[in-house]
Amino acid sequence: MDILRLTQITDLHLGADGAATLGGVPTKASFEAVLAAVATQGRGDDRLLLTGDLASDCQPEAYQILNRILTSHNKQAFWLPGNHDDAGIMAEHLVDFPDQKIVDLGPWGLLTLDSSQPHKPGGHISDEQLLHVEQGLQTLACKPHILLAMHHSPVLLNSAWLDSQQIDNRDRLYELLQSSGNVKAVITGHVHQQFEGRWGDIPVYSTPSSCVQFKAQSDDFTLSDQPPGYRWLDLHPDGQVVTGVEFLSDFSPRPDLGCAGY
Ligand SMILES: [Fe+2]
């Protein structure tokens, strides 16, 4: 059986028009540069997994821009909301990309969830989302391997301001995932940096943003000078996950390191 190839792009922070910036970086241009790099790497036909904060403030126009870019690149894309998104507005405007939360990918199943909560940056899994996970795991029980994707991190990154936004009720979710026995990895966005660790028995991967990165192990909000990035994943039929992160070293608009928040 073939290796399943996925490309994760996260925290796009697109604005209502193409000129919007985050930390001095034009977010539409950096997202398009990431897509070009993905194609250059020979992964242009891969499925995309977009793990939240696709807009900077859930603007309909941002999702319309995203829909146009993805269709012009002929992409298949799965998406989920972050704390800067609104799932309903996304579903309304990502017209060519139906909201798929339980996906059959051959020997692998993909399960996505919404870890955002209204008017708060931190992660929380609502009762409704816990039920969705429980039902999703049942639906995918025939799959030997499951990848779970969500916006917020369930683990600490030794960065006080980001760690305060860790999913506050992660234990119940962990019980569900662990008891299913076939969740092979958890993948997240939100932290704007590369991270590979473990959540108990389950490997966890976080991924740099397609625009600006946060400085690792910083207790306060601080940008890093790292360029835009993305993560590639090769999901093997035997359950092995081979993954890596690529940065766009030749992308020229550099972040404003004096930026004090977002
Ligand atoms: Fe976020």
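Trainee: How are the donor residues of the iron ion spaced in sequence?
Mentor: Their spacing is D-x29-N-x67-H-x38-H. Please note that this is a predicted model, in which local features need pLDDT of at least 70, side-chain atom pairs count only at pLDDT 80 or more, and totals for chains, interfaces and linings use all residues. Residues are numbered from 1 along each chain as its sequence is written, and side-chain values use heavy atoms, with hydrogens and water left out.

Trainee: Which atoms are the protein donors?
Mentor: Asp53 (OD), Asn83 (OD1), His151 (NE2) and His190 (ND1) lie 2.1 to 2.3 Å from the iron ion. Donors are N, O and S atoms within 2.8 Å of the metal (3.2 Å for Na, K and Ca); water is not among the atoms, so sites may look incomplete.

Trainee: And what do the angles say about the site?
Mentor: The site is irregular, with angles of 86 to 167° among the 4 donor atoms. Four donors count as tetrahedral if all angles lie between 85 and 135 degrees; four count as square planar and six as octahedral if opposite donors are over 155 degrees apart and all others between 65 and 115; anything else is irregular.

Trainee: Where do Asn83 and His151 lie?
Mentor: Asn83 is in the loop between strand S5 (77-80) and helix H3 (87-93), and His151 is in the loop between strand S8 (145-150) and helix H5 (160-163), so the pair ties together parts that are 68 residues apart in sequence. Helices (H or I, at least four residues) and strands (E, at least two) are DSSP runs, numbered from the N terminus.

Trainee: Is each of them buried or exposed?
Mentor: Asn83 is buried at 18% relative accessible area, and His151 is buried at 0%. Buried means under 20%, exposed over 50%, and partly exposed in between (1.4 Å probe, protein chains only).

Trainee: Changing topic: how many aromatic pairs are there?
Mentor: The structure holds 7. One of them is Phe221 with Tyr262, stacked at 5.7 Å centre to centre with 20° between the planes. Rings of Phe, Tyr and Trp (its six-membered ring) pair if their centres lie within 6.5 Å; planes under 30 degrees apart count as stacked, over 60 as edge-to-face and the rest as tilted.

Trainee: Which residues form the cluster?
Mentor: Ring pairs link Trp161, Phe214, Phe221 and Tyr262. Phe221 is buried at 17%, whereas Tyr262 is partly exposed at 32%.
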